[in-house]
Structure formats: C-alpha cells, structure tokens
Amino acid sequence: MKTFLRLTAVVRPYYLWMGLAALIGFATTGSGIGLLVTSGYIIAKAALLPPPGALQLGILGVRFFGIARGVLRYAERLIAHNTTFRILAGLRLWFYDAIEPLAPARLLYYKSADLLQRVVDDIQSLENIYTRVLAPPVTALLVSALMWFLLGVYSLQAALLVMFFHLLAGLGIPLLTMKLGRGIQSGIMDIKTNQQVLALDLLQGIGELQVYGKLPEHLAAMQGNEKEMLGLQRRNAVLDGMHESMTGIIMNAAVIAVLSALVSSLPGSGSGGISFTVITLAVMASFEPFLPLPASLKNLEADTHAGERLFEILDARPETTPPVKPFPFPANHVIRMENLSFTYPGSPLKTLDNISFTVEPGQHIAIVGPSGAGKSTITSLLMRFWNTREGQLTIGGHDIGLFDQENLRRHIALVSQKTYLFSETIRENLLLANPEANEDELKKALTDAGLGHFTPKLDEWTGQHGMKLSGGERQRIAIARVLLQKAPVMILDEATANLDSITEKEVTATLSAVSSGKTLVAITHRLKAMEQFDNIIVIDKGKIAEQGRHDQLMRNNGTYRRMWDLQRSGKDS
Ligand code: ATP
C-alpha cells in the first residue's frame with residue numbers, strides 16, 4: 001500500500017489529465033449504453049407498428065450516441081495516450097535524476113541486466129499505471145452510479161440488484177482473481193530479470209562458459225527459468241479466462257434478477273415490452289467497464305512490484321552529495337592527501353592506509369605499485385566517486401567534500417584503461433566532454449590527439465561501443481575528450497595498459513604533449529618513461545612504500561627498484 005501511495009504521488013502532476021481522460025472514458029461507455037438502449041428501443045417499438053414519427057426520438061438518439069461514442073472513444077484514446085506518454089517521460093526523468101547521484105559507488109552493487117530491467121521494463125510497466133490500474137475502477141464506478149440513477153427511476157429494487165451484481169463483478173471477482181493469482185505478476189517480472197541476467201552472461205561470457213565446460217549448466221538454468229515462466233503464464237491465462245467467464249455469468253444473472261424484479265411492476269404488453277428490452281440491454285452494457293477490473297488488480301500487483309524495485313534503488317543514499325555551499329575549483333589547485341585511509345564498505349581490510357602526498361599545480365606525478373595496491377582507489381577519491389572517511393584530501397586547501405561533484409569532474413579529466421564510446425558518431429562522443437565545442441575545436445582536439453585523419457569523419461558511426469575503432473584510436477578519442485574538456489588536472493589511470501607496445505609508445509608521447517602545462521597524476525603498474533615525473537609515489541598493499549624522483553628511488557634500492565628490475569628482466573610486465 002505504501003508503495004502504491006508513493007507511486008500515485010509520482011503521477012500526481014498528471015491528475016488533471018487523468019481526470020479528464022477518465023471523464024471522457026465514462027462518457028464513451030455511457031454513449032455505448034445509450035446506443036444499445038436507443039437501438040433496442042427502436043426495434044422493440046417498431047415491432048408494435050407505431051404511427052409514423054413515433055420513432056423519431058429513438059432515431060435521433062441512435063445517431064447522437066453512435067457519433068458521440070466514436071468521437072469520444074477517439075478523444076479518450078488520444079488523451080489517455082497523451083497522459084501515458086507524459087507519465088512515461090516524467091517517470092524516466094524522475095528515475096534518471098534520482099539514479100545519477102548513485103553512480104558509480106552505489107550502482108556497483110547491482111547487476112547491469114537487473115538495472116537495465118528496472119530502467120526499461122519496470123518504468124514501462126508503470127507508464128500504464130493510469131490506463132490499466134487507475135482509470136478502469138473510476139469508469140466502472142461512474143457507470144455503476146449512472147445505472148443506479150437510471151434504474152432507480154423505474155424501481156429501487158432493480159437498482160439495488162444491479163448495484164449488488166456490480167459489486168460482485170467489480171470487487172468480488174477481482175479480489176478472488178487477485179487471491180488466486182497472488183505472486184504471478186511479480187514472479188513473471190523476477191523471472192524476466194533473471195532471464196536477462198542469464199542471457200547477458202551468456203552473450204558476454206560464452207567463451208569462458210565453453211572453456212570451463214559450464215555452457216550446458218548455464219543453458220539448463222536458462223531453460224529452468226523459461227519453464228517457470230511458462231508455468232506462471234499458463235496460470236495467468238487460466239485466471240484470465242476464469243474471470244472473463246465469471247463476469248459473463250454475473251452479467252446474465254444480473255439481467256435475470258432485474259427482469260424478475262421488474263416483471264410484476266411493468267405492464268405485460270406495449271410499453272412493458274419496450275422497457276424490458278431497454279433495461280436488459282442497459283444492464284448488459286453496464287458490465288463492460290467491469291471486465292478489465294480483475295486485470296486492473298493484477299496490474300496493480302505488477303506495478304507495485306515495479307515500484308518497489310525502483311524505490312529500492314532510489315532510496316539508496318548516494319555515496320557523495322553536493323555541499324550546501326560549494327567552493328569553486330581553485331586556480332591554485334594544490335592536491336594534498338594527509339594521513340588518508342580508506343576501506344570499502346563491507347571490506348575487512350583497509351584499501352588505503354595512512355597515505356600522504358602533495359601535487360603542486362603543474363606538477364606531474366606518478367602513482368605506481370602492483371595490481372590491487374589501491375592506485376585506482378586514489379582516482380575514485382580524487383573524482384569524489386567515494387567519500388573520504390579517515391584523514392584529509394584537500395584541493396587548494398579545501399576539503400574535497402566542499403566541491404560540487406560535477407564541477408570537480410569538469411576540472412579533473414580522467415583517461416582510464418577502457419574508454420567507453422557510445423554507439424554514436426565521433427562528434428557525439430566528443431561533444432560529451434564539451435557540448436559547446438564548435439567544429440574547429442573538435443577538429444583541433446582530434447588532430448592534437450593524433451587523429452587528424454578522423455576530422456573528415458566526424459559524423460561517422462563509431463560502431464557498437466566504438467568497435468569500429470582500434471584500441472589505440474579509442475584511447476585517442478579519450479585524449480581528444482580531455483583536450484576539449486580543458487581541465488587543468490589530468491588523471492591517467494592505466495591509460496595505455498591495453499595497448500600493444502608500439503601504439504602504447506605513440507599514445508604515451510601524445511599524452512605527454514597534451515599534459516604539458518597541466519597537473520598530471522599518472523597511475524600505472526608498468527614503469528615506463530618514469531624519468532619525466534616530478535614525483536613517483538610507490539604504493540604497496542595500500543601503504544606508501546616510498547616516494548621521490550626516479551633516480552632517487554633507483555638509488556634507494558627499495559620496492560621501486562625491485563619492480564623496475566623485475567620488469568626489465570621480463571618476469572613482470
Ligand atoms: P590494478 O592495478 O589492478 O587496477 P589497483 O592498484 O588500481 O589495481 P584498486 O582498484 O584500487 O587497485 O583496488 C584496491 C583493492 O580494493 C583491491 O583489493 C580491490 O579488490 C578492492 N576494491 C576495489 N574496488 C572495490 C569496491 N568497489 N568494493 C570493494 N572492494 C574494492
């Protein structure tokens with residue numbers, strides 16, 4: 001119930017539209033009833049061979065209701081779809097706004113297929129909350145009130161009887177269907193998520209599954225899922241059939257009951273026969289809006305489940321929040337870590353332990369160390385992906401928590417090991433770094449990044465995830481992005497680790513050229529061209545083992561020297 005109320009709060013901005021659509025929906029059903037009643041009236045009256053002109057009113061009614069039904073149905077669909085798409089757009093924006101601050105720290109705990117399912121399917125399920133969940137009961141209620149009013153004129157007993165059967169069809173059957181079908185909709189949604197997770201694992205890890213002989217096991221899990229899904233869908237179909245036929249039975253019972261109640265009060269011939277026909281048709285038509293009610297309750301379960309899954313993400317507290325009064329990024333952006341320790345949530349060990357170093361503006365430093373030493377964690381802290389917890393991390397003398405994350409990330413450019421390229425053109429991928437960049441700036445950035453030959457191909461598609469480009473070209477696009485970003489600080493996190501040695505050499509040279517005049521933090525476990533750095537910080541198991549310039553560290557004969565010798569001897573690369 002709490003989730004449902006939260007969901008109704010989310011769609012509150014569209015209440016006016018929803019109200020209008022519900023009213024028109026009611027008018028459409030009312031016109032349907034009117035059309036049946038007036039048609040029945042004409043046929044019944046005509047059978048009595050009335051004088052010419054006696055059918056005029058009925059014919060007028062048929063014309064009116066016939067046209068009104070068509071026009072109103074069109075208007076209702078138009079407004080209902082318009083409302084649905086407004087809700088969908090609103091929900092998407094609402095969800096993206098809420099999810100953005102959670103990236104990347106909080107989103108690490110979700111499987112990507114699961115997240116995708118929530119972003120796409122759960123939101124899509126909610127887009128219909130109006131048409132499938134909220135609108136049908138409102139229309140049914142209004143039609144029931146209309147019938148109460150119309151039949152009440154003839155007989156209170158008949159009106160009470162219709163209300164009873166409406167209650168049976170509108171509450172009894174939906175509640176019974178809900179009870180019998182409890183868990184089906186949420187089960188289908190969970191299985192769908194599972195299917196997507198398994199399918200994505202299969203697509204991305206088919207090589208590993210084959211090599212380790214786990215493919216049959218994985219396929220069996222997928223089949224098991226499919227079987228479970230079929231079972232639930234079968235139960236769902238049986239229930240659908242059941243509630244439809246039960247509503248039909250109730251409708252016929254209502255007609256018989258009402259006619260039995262009226263039989264003594266209506267004249268046996270003439271107008272009595274006409275009334276019989278009209279009432280029978282009106283009662284039958286009044287059940288039309290009750291047909292979707294069981295589905296409404298089923299959809300309520302699905303929507304509530306989708307809402308729960310979305311709220312679960314949205315209720316997660318972002319790791320970092322913007323400060324109330326953010327500091328602008330300082331020109332004198334000296335970066336200082338003092339006695340900083342960091343432990344990932346749930347991890348028993350400190351990833352960083354008592355780290356202290358300083359990077360003056362314009363300085364180039366390297367952070368080196370074996371894999372898992374904690375180098376990338378330093379990047380994450382500098383980018384404010386995670387909050388610092390113990391010790392100090394300041395920029396220009398201000399705690400990093402006092403900078404707005406977005407502003408900070410505009411001033412600190414990051415080139416990581418794997419550059420993500422969107423399935424877009426080169427231009428779109430570059431504009432990500434600076435949406436205001438003009439044609440000349442884009443071309444210059446490409447040229448400076450060593451991709452001068454790409455300048456005529458700005459509008460060429462980069463392929464799925466940039467697969468039409470080589471690894472070196474993708475890294476150069478990342479460099480072009482950094483150039484467009486015009487950030488004073490650059491972090492290179494294993495930026496050339498995935499490249500072959502010739503490309504690595506070329507990209508490293510480009511990086512050296514583009515980083516001149518900027519503050520540079522280069523993170524690497526491969527000791528290459530280390531002489532160029534003003535300071536090298538050696539991290540081992542989260543602690544600073546030593547720091548200094550290359551020559552000094554070589555003379556120290558410590559961890560750095562051992563890494564150097566190991567790499568030169570070819571035992572480590
Ligand atoms: P590499 O050179 O292999 O990239 P690294 O020195 O950059 O390694 P980090 O990525 O900083 O190392 O990881 C340091 C330690 O923190 C590792 O033991 C890793 O398993 C752990 N770690 C990294 N990210 C998380 C996380 N989100 N949650 C928990 N532990 C993490």
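These notebook entries record what I looked up in one predicted model.

**Ground rules.** I number residues from 1 along each chain as its sequence is written, and I leave hydrogens and water out of side-chain values, which use heavy atoms. The model is predicted, so I ask for pLDDT of at least 70 for local features and 80 or more for side-chain atom pairs, while totals for chains, interfaces and linings use all residues.

**Overall form.** I looked up the secondary structure first. The chain has 18 helices and 10 strands. These are DSSP runs, numbered from the N terminus (helices H or I, at least four residues; strands E, at least two). Next I checked the extent. The radius of gyration is 35 Å, whereas a compact globule of 573 residues would have one near 25 Å. That radius is taken over C-alpha atoms, and the globule rule is 2.2 Å times the number of residues to the power 0.38. Along the principal axes, the C-alpha atoms fill a box of roughly 120 × 50 × 45 Å.

**Surface and contacts.** I found an accessible surface of about 28,600 Å², with 61% of it belonging to carbon and sulfur atoms. The areas come from the Shrake-Rupley method with a 1.4 Å probe, and for residues only the protein chains shown count as cover. Buried residues make up 47% of the 573. Buried means under 20% relative accessible area, exposed over 50%, and partly exposed in between (1.4 Å probe, protein chains only). I then turned to contacts, meaning heavy atoms within 4.5 Å. Of those with a separation of 6 or more, 77% join residues 24 or more positions apart.

**Charges.** I counted 54 positive and 51 negative charges, and their mean positions are 4 Å apart. Lys and Arg count as positive, Asp and Glu as negative; His and the chain ends are not counted. Each charge is placed at NZ of Lys, CZ of Arg, CG of Asp or CD of Glu.

**Aromatic pairs.** I used the rings of Phe, Tyr and Trp (its six-membered ring), paired if their centres lie within 6.5 Å; planes under 30 degrees apart count as stacked, over 60 as edge-to-face and the rest as tilted. The count comes to 12 aromatic pairs. F342 and Y344 are edge-to-face, because their ring planes stand at 90°, with the centres 5.0 Å apart. F342 is buried at 1% relative accessibility, while Y344 is partly exposed at 26%. Y420 and F422 have their ring centres 5.0 Å apart and their planes at 75°, so I list this pair as edge-to-face too. Y420 is partly exposed at 45%, and F422 is partly exposed at 40%. I also noted one aromatic cluster, formed by W94, F95 and F311.

**D303.** I placed this residue in helix α10 (residues 293-314). Its relative accessibility is 0%, so D303 counts as buried. Leaving aside residues up to four places away in sequence, D303 touches L7, S125, L126, I129, R132 and V133.

**E100.** This one sits in the loop between α3 (56-99) and α4 (112-127). E100 is exposed at 52% relative accessibility.

**Positive phi.** N354 has a phi of about 60°. N354 belongs to strand β2 (residues 352-359) and is partly exposed at 46%. R384 has a phi near 60°. R384 lies in the loop between α11 (375-382) and β4 (390-395), and is buried at 3% relative accessibility.
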